[in-house]
Amino acid sequence: MRLDKFLADAGIGTRSEVKNAIRKKLVTVNAQIVTDPGMAVKDSDDICYRSEPVGAAKAQYIMMHKPAGCVCATKDAGKTVLDYFPEKDRKKLFPVGRLDKDTEGLLLLTDDGMFAHNLMSPRKHVDKTYYFEAEGILLADAKEQIAEGIDIGDEKPTAPAVLEIVTCDETARSVTGHLTICEGRYHQVKRMMAKMGVTVTYLKRMSIGDVVLDETLEKGQYRSLTQEEYDRLTSGGK
Ligand code: URA
C-alpha cells in the first residue's frame, strides 16, 4: 500500500495533510526519514509519525473452532458464534459463510467483506473438506457418483466433489470419511450423503482451501490467521 494511504487510513489526516507531513520529514519508515508519499509499505514495516508508531487500521481475520450448539450469525434468539467473543473483540466481525448449528470445526470470521465474498462465491471454487460420521449402507458407487456430481433436488447437480471413505462397516451400518466440496449449498454435505444412502450423525469442517483447522484450538476458541494462512486463502486471485 502507498505510504500516504496507509497514514490516511490510520487516521493521521487527509491524503493531502499526510503528504505535507511526509514532505516535512515527520514520517519515518523503519527508522529512515521518507519523503516520497507514494512509497510502498507493508503492515510489517515500522512506520512512525512525529516519532510515534502508527498502527494500520487492520481488518480482522480469525480462525475459530466452532462448537456444536451455536449458529453462524451475528444476532439470533439463541447462541451465536459471536457469543464466544468478548464485546470488545466483536467489532464488525461476521462469519464467512455458514455451518449448521450441529456442525463443528473450522469457521472463519472477518470484518472484510471482499475477503468473505472471495471465499464464499461459488465461482471461486474454494475447496472445503468435512469429516463425517454417518449411519446406513453407502451406495457401492458413491465415490464415482459424487465425483461426477449428483442431483440433490436443486436446480443444478452438485459440482464434482471428492469422497474419501475412512471406515465402512456394513454390519454396524456405519461409515466415516471426508467429503471435499467446492460449493456451499444449504446442508450440502448432509444432503449429498443422504442421496448416497446414509444419514450424517456428526459433521466437522477440517479445512477451507489450504488452511486447516488448528487442532490446538479447543471448541469455542479462536485466533488470528497467520500471515501465511491469509496469503494462502487470498492467493486464488481477487
Ligand atoms: N454441509 C452441511 O450439511 N452442513 C454444514 O454445516 C456444512 C456443510
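How many bridges join strand β5 to β7, and in which sense do the two strands run? I will come to that in a moment, after a word on conventions.

What we have here is a predicted model, in which local features need pLDDT of at least 70 and side-chain atom pairs count only at pLDDT 80 or more, while totals for chains, interfaces and linings use all residues. Residues are numbered from 1 along each chain as its sequence is written, and side-chain values use heavy atoms, with hydrogens and water left out.

Now to the answer: strand β5, residues 61-66, is joined to β7 by six bridges, and the two run antiparallel. Strands here are DSSP runs of E with at least two residues, helices are runs of H or I with at least four, both numbered from the N terminus, and two strands pair if DSSP finds at least two bridges between them. Within this pairing, Lys 66 has Gly 105 of β7 as its bridge partner.

Gly 105 also has a bridge partner in β11, namely Arg 205; strand β11, residues 198-208, pairs with β7 in the parallel sense over two bridges. Strand β6, residues 94-95, is antiparallel to β7 and joined to it by two bridges, with Leu 109 of β7 as the partner of Pro 95.

As for β7 itself, residues 104-110, seven of its seven residues are buried, so the strand is largely enclosed by the rest of the structure. Buried means under 20% relative accessible area, against over 50% for exposed and partly exposed in between, with a 1.4 Å probe and protein chains only.

Let me turn to the rings. The structure holds five aromatic pairs, where rings of Phe, Tyr and Trp (its six-membered ring) pair if their centres lie within 6.5 Å, and planes under 30 degrees apart count as stacked, over 60 as edge-to-face and the rest as tilted. One of them is Tyr 61 with Phe 115, edge-to-face at 4.7 Å centre to centre and 65 degrees between the planes. Since Tyr 61 lies in β5 and Phe 115 in helix α4, residues 113-120, this pair ties together parts 54 residues apart in sequence.

Tyr 61 counts as buried at 16% relative accessibility, and Phe 115 counts as buried at 2%. The rings of Tyr 61 and Tyr 230 have centres 4.7 Å apart and planes at 55 degrees, so that pair is tilted. Tyr 230 lies in helix α7, residues 227-234, so its pair with Tyr 61 of β5 ties together parts 169 residues apart in sequence.
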